[in-house]
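Please open the model in your viewer and keep a selection panel at hand. The stops below go from one element to the whole chain, then to its parts.

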Amino acid sequence: MMTRIFVTTAFAINLAVALAPVSASAQNWDPPQTEPVYRYATKTPHNCVDRAGFPAFLAQARTEAQRRGVGPRGLAALNGITFDESVVSRDRGQKVFTQTFEEFSGRMVPPRLGIARQKMQQQAPLLKRIEQQFGVPAGIIVAVWGLETDFGAFLGTFSTVRSIATLAYDCRRPEKFRPELMALMKIVDRGDLDPATAKGAWAGEIGQTQFMPSSFVNYAIDYDRDGRIDLVRSVPDVLGSTANFFKSKGWQRGQGWQPGQPNFAVILEWNKAEVYARTIAYFAERLETGR
Ligand SMILES: [Ca+2]
């Protein structure tokens, strides 16, 4: 959902806080009440935290997680984790998104339409059940699935635990990623993610529709009822969880989702970049109308 190229907030806002003091020692492990304004990626020094302090930070994170009820399996997720410089490089390299809707949708949608239509057919019974239960049209779910990971084909190669731990320690967005680290340890603890094999995008998104750990905890569901939530391998869990996210964020059954219609605001909850949200809406419309 929080697709890597869209993580930065608006250019003007970022510039305004480019000189804000760095508070790498912030100790808040709870999600911020309001969306923080982050330091502008390319203006934040790469080496703004002391790498030597990373093991102590991990120890602190374990203590905090234990205090929150995370058991041995979750705590062990941080064993042997090292700071990932390549994650910081990716973070600092984030450019402000400048493509227009026409450019972006033109690049993303036509090459995926054929396989998306196949997926609509292959998964028709599941998608129908999801639409009945959650009120979210199949086209929306399949559009998101295609845009995020090409229907599960490309999940990414970064260690999820290492990425999240690195960003939680780094100076730019600790207020976002420390709560994500707590959520991730919880997911591992309950057996829904294997830390040794969990791989994904550089910013720690999980599974076929790229849930951040906090969204995983709040919205992911065991839709195939096998006793665990698997957003990496179980298509029913992936699609059901994605629909549950949209429903939980206020999706109105039977209402439109184009800009200006009630459900467009819900698509923006998935990704607040307007061009991306409009592309989901457009892709879904193509799939729903068959045109
Ligand atoms: Ca399951």
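The expected span of a helix is 1.5 Å times one less than its number of residues, and helices (H or I, at least four residues) and strands (E, at least two) are DSSP runs, numbered from the N terminus. Residues are numbered from 1 along each chain as its sequence is written. This is a predicted model, in which local features need pLDDT of at least 70 and side-chain atom pairs count only at pLDDT 80 or more, while totals for chains, interfaces and linings use all residues.

Select residues 110–122 to begin with: this is helix α6, whose 13 residues reach 19 Å from the first C-alpha to the last, close to the 18 Å expected at 1.5 Å a residue. Within α6, colour Arg112, Ala116 and Lys119, which are buried (a residue is buried if 20 or more other C-beta atoms lie within 10 Å of its own, exposed if 12 or fewer, and partly exposed in between, with C-beta atoms placed from the backbone).

Next, show the whole protein chain, which has 14 helices and two strands. Its radius of gyration, taken over C-alpha atoms, is 19 Å, close to the 19 Å that the globule rule (2.2 Å times the number of residues to the power 0.38) gives for 291 residues, so the chain is as compact as a globular protein of that length. Along the principal axes, the C-alpha atoms fill a box of roughly 55 × 45 × 30 Å, and 43% of the 291 residues count as buried.

Colour the chain by domain, using bounds that come from an automatic or database domain assignment: domain 1 is 43–92 + 156–204 and domain 2 is 101–155 + 216–289. Their centres, taken over C-alpha atoms, are separated by 27 Å. The contact between them takes eight residues from domain 1 and seven residues from domain 2, two residues being in contact if their C-beta atoms, placed from the backbone, lie within 7 Å. On the side of domain 1 that touches domain 2, the elements giving two or more residues are α10 (174–189) and β2, and α10 supplies the largest share, three residues.

Of its 72 residues, select Ile140, Ile141, Ala143, Leu181 and Ile280, which touch the most other members. Centre on Ile280 and, leaving aside its neighbours within four places in sequence, display its contacts: Ile140, Ala143, Val144, Leu147, Ile267 and Trp270.

Finish with two loop residues. Most residues other than glycine have a negative phi. Gln210, in the loop between β2 (199–200) and α11 (213–219), has a positive phi of about 60° although it is not a glycine, and with 27 C-beta neighbours inside 10 Å it counts as buried. Arg225, in the loop between α11 and α12 (235–248), also has a positive phi, near 55°, but Arg225 is exposed, with 9 other C-beta atoms within 10 Å.

Conventions. A nonpolar core is a set of buried Ala, Val, Leu, Ile, Met, Phe, Trp, Tyr and Cys residues joined through C-beta atoms within 7 Å.
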